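Keep the 3D view open as you read.

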Amino acid sequence: MLSITINNLHFPNPFLLASGILDESADTMFRIIKHGAGGVVTKSIGMKKRGGYQNPVIYELPYGLINAMGLPNPGIEAFGEEMKKLKNCGVPVIGSIFGGTTDEFVYLAKKMENYGADAVELNLSCPHAKGYGMEIGVNPNLVAEIVGEVKKSVSIPVWCKLTPNVTDIVEIAKAADKADALVMINTLKAMAIDIEAQRPVLSNTYGGLSGPCVKPVGLRAVYDVFKEVDKPIIGVGGVCSWTDALEYFMAGASAVQIGTAIATKGPTIFAEISRDVADWLKKHGYDSIKDVVGVAHR
Amino acid sequence: MYRVVRIEKVVQETPSIKSFYFVDNSNPAPGQFYMVWIPGVDEFPMSISAIDDLKRFTVKKIGDGTAAMHNLQEGDRLWIRGPYGRGFKPTDEPALVVGGGTGMATLAPLINALRDADVIIAARNEKELLFVDEFPDKEVHIATDDGSRGFKGFASELAAVLIDKKEYGMVYTCGPEPMIKAIVDICLARKIPVQASLERFMKCGIGVCDSCSINGFRVCADGPVFSEKELAQMTELGKWKRDPSGMKVKI
Ligand SMILES: Cc1cc2nc3c(=O)[nH]c(=O)nc-3n(C[C@H](O)[C@H](O)[C@H](O)COP(=O)(O)OP(=O)(O)OC[C@H]3O[C@@H](n4cnc5c(N)ncnc54)[C@H](O)[C@@H]3O)c2cc1C
Ligand SMILES: Cc1cc2nc3c(=O)[nH]c(=O)nc-3n(C[C@H](O)[C@H](O)[C@H](O)COP(=O)(O)O)c2cc1C
Ligand code: FES
């Protein structure tokens with residue numbers, strides 16, 4: 001009832017772990033899988049080791065989180081050890097990567113493929129790292145070039161993760177024409193000021209907003225792109241409950257990723273959402289989650 | 001969002017450790033921690049070391065953040081969020097509490113909450129012993145690495161001696177990781193329940209970033225206090241930690 005196939009990859013359920021949340025080490029990803037995630041996306045990995053920004057890197061709000069981790073990662077060479085441990089983990093592993101140039105993306109994608117990743121996810125959307133992510137992902141020409149070159153150099157599916165920090169996300173989605181699937185959205189560029197300290201809270205000043213408050217934005221992005229682009233969409237942004245997830249499916253997502261909600265609800269959120277979505281499908285006479293994908297467009 | 005608290009009192013505990021007293025109406029359990037922000041410098045985790053009308057952080061000078069905190073005085077402010085994490089589970093049975101260095105800061109509110117506890121306070125030398133006079137109604141043993149006061153040797157060696165003499169229903173520990181590892185091994189071998197409070201480099205403090213994880217357990221959210229069943233699964237305990245990039249490094 002919940003199993004899905006995206007680009008020939010088989011997922012036991014459509015609830016995947018989002019990149020950057022509890023996915024720096026294989027052991028933690030294993031634990032999330034045990035709790036029922038249908039697939040995992042790794043932390044975004046770059047060419048070299050990065051410590052990330054100085055604390056504070058996170059700011060809690062009643063309705064979400066602002067983070068400026070600064071893409072910390074041990075570098076693609078060292079990450080091989082974690083990927084090796086994930087072999088035979090039972091669900092697809094999607095290797096997320098970020099580069100500053102097309103060549104870097106190509107190099108990183110090939111490495112992930114060699115490490116056994118089932119797909120790569122191109123982070124063209126992190127809003128707070130200079131020279132990376134969104135700084136590339138707002139430019140349709142660069143997006144087209146990077147996706148095209150990566151696609152030519154690997155045989156595993158290439159997923160492209162988009163930023164909502166653009167005037168027209170459909171334009172960027174169309175630029176990623178060669179991608180096998182689209183993942184949307186990454187965080188919204190944001191900041192916070194502490195009025196007693198009279199300064200920005202995050203050491204990097206800017207961060208990315210995630211959690212319940214971004215769901216309406218993510219949903220709109222998925223809805224609009226589904227209308228115009230014929231490829232699988234993975235919805236991300238503020239999924240905290242089974243109703244949030246169903247909204248994304250109805251907007252056109254074939255799967256969803258869950259991040260921030262793990263902080264508030266714990267890793268058990270995966271099993272809970274699976275159970276409750278399956279209940280809803282049964283109650284409404286559906287045999288498969290696939291039958292509700294995009295129904296809001298009727 | 002942060003709460004701003006005023007420092008009411010500062011006490012120099014040892015040459016490298018100071019206590020900061022403040023008023024805050026949160027309600028932490030022994031073993032829980034806060035994220036403390038010194039604007040413009042750093043934000044870092046701190047255990048609550050006293051839970052009364054006046055609350056307390058007890059801080060060892062390690063790097064920039066804790067050095068900046070050591071420069072603060074009565075009337076200065078701290079930005080805090082928390083309490084976070086899972087604290088100690090108390091017991092009614094006779095307990096042995098083993099604290100090394102600033103580990104005693106984490107254990108102090110627990111010791112005060114326990115009915116029947118013996119305490120080992122350990123440090124490199126006599127000068128660095130923390131809170132030796134804070135528990136007048138408990139049996140306090142002292143160990144120093146150099147023998148300048150009390151038992152000469154590691155806290156774990158003294159713990160083994162006491163454990164073999166008396167039947168403890170629970171052992172609690174916090175301190176340098178090699179010490180924790182030794183005590184956990186002693187307890188696992190003798191099938192005595194044990195709870196240990198662990199430390200890892202922390203970024204978010206709320207269980208999303210994976211920077212504090214040890215074998216898939218998030219120290220900030222699943223811990224910092226773990227019990228024997230979890231500790232036994234931690235092959236990285238006492239051997240490996242992760243640097244801020246997530247790279248595995250030897251302890
Ligand atoms: C849950 C928890 C509770 C804590 N409670 C207390 C307490 O009550 N009293 C106290 O004095 N300290 C406590 N600590 C440790 C304290 O958080 C660190 O000493 C502090 O972060 C150092 O910050 P800094 O900016 O001064 O040093 P930094 O400049 O950040 O670091 C200086 C050096 O210390 C290393 N380091 C930093 N943090 C740690 C760590 N957690 N473990 C091992 N090495 C580290 C760094 O890698 C670096 O080499 C606790 C830590 C945790 C995780
Ligand atoms: C702490 C944190 C770190 C993140 N790191 C990454 C990352 O490395 N790469 C990436 O593509 N997205 C990253 N994201 C974005 C998430 O994958 C996701 O797109 C976003 O948070 C919206 O989903 P959510 O509301 O379920 O968290 C991060 C988000 C958070 C909160
Ligand atoms: S500090 Fe981020 S998960 Fe623990």
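## A pair on one helix

Start in helix 7 (residues 215-228) of chain A, where A:Asp224 and A:Lys227 sit three residues apart, so about one helical turn separates them. Their side chains meet in a salt bridge, at 3.9 Å from N to O. A:Lys227 is exposed, with a relative accessible area of 52%; the cut-off for that word is over 50%.

Bear in mind that this is a predicted model. It scores ipTM 0.92 and pTM 0.94. For chain B the mean pLDDT is 96, and 100% of the residues reach 70 or more.

## More charged pairs

Side chains of opposite charge can pair when their charged atoms come close. How many salt bridges does a search of the whole structure find over all chains? The count is 29.

One of them ties A:Glu82 to B:Arg242, with the closest N and O atoms 3.2 Å apart. A:Glu82 belongs to helix 2 (residues 76-85) of chain A and B:Arg242 to strand 17 (residues 240-242) of chain B, so this pair joins two chains. Both A:Glu82 and B:Arg242 are buried. They also belong to a salt-bridge network that includes A:Glu81, B:Glu236 and B:Lys248.

## Inside chain B

Next, look at B:Arg81 and B:Glu43, whose side chains form a salt bridge of 2.7 Å, N to O. This pair links distant parts of the chain: B:Arg81 is in strand 7 (residues 77-84) and B:Glu43 in strand 4 (residues 42-47) of chain B, 38 residues apart. B:Arg81 counts as buried at 3% relative accessibility, and B:Glu43 is buried too, at 2%.

B:Arg81 is also among the residues touched by B:Ile206, along with A:Glu60, A:Leu65 and A:Ala263 from chain A. B:Ile206 sits in the loop between strand 13 (194-197) and strand 14 (213-214) of chain B. Is B:Ile206 buried or exposed? With a relative accessible area of 10%, it is buried.

## A covered strand in chain A

Strand 7 (residues 93-97) of chain A has five of its five residues buried. In a regular strand the side chains alternate between the two faces of the sheet. Here A:Val93, A:Gly95 and A:Ile97 are buried on one side, and A:Ile94 and A:Ser96 on the other.

This strand pairs in the parallel sense with strand 4 (residues 39-41) of chain A over two bridges, and with strand 8 (residues 119-123) of chain A over four bridges, again parallel.

## A nonpolar patch

Finally, A:Met191, A:Ile193, A:Ile195 and A:Tyr206 make a nonpolar surface patch of about 430 Å². A:Tyr206 lies in strand 14 (residues 206-210) of chain A and is partly exposed, at 41% relative accessible area.

Methods
Residues are numbered from 1 along each chain as its sequence is written. Chains are lettered from A and ligands numbered from 1 in the order in which they are written. This is a predicted model: local features need pLDDT of at least 70, side-chain atom pairs count only at pLDDT 80 or more; totals for chains, interfaces and linings use all residues. Side-chain values use heavy atoms; hydrogens and water are left out. Patches are made of residues with over 30% relative accessible area and no salt bridge: like charges are joined within 9 Å, nonpolar side chains (Val, Leu, Ile, Met, Phe, Trp, Tyr) within 5 Å. Accessible areas come from the Shrake-Rupley method with a 1.4 Å probe; for residues, only the protein chains shown count as cover. A salt bridge is a side-chain nitrogen of Lys or Arg within 4 Å of a carboxyl oxygen of Asp or Glu. Buried means under 20% relative accessible area, exposed over 50%, partly exposed in between (1.4 Å probe, protein chains only). pLDDT is the predictor's confidence in each residue, from 0 to 100. Contact means heavy atoms within 4.5 Å. Two strands pair if DSSP finds at least two bridges between them. Lists of a residue's contacts leave out its neighbours within four places in sequence.
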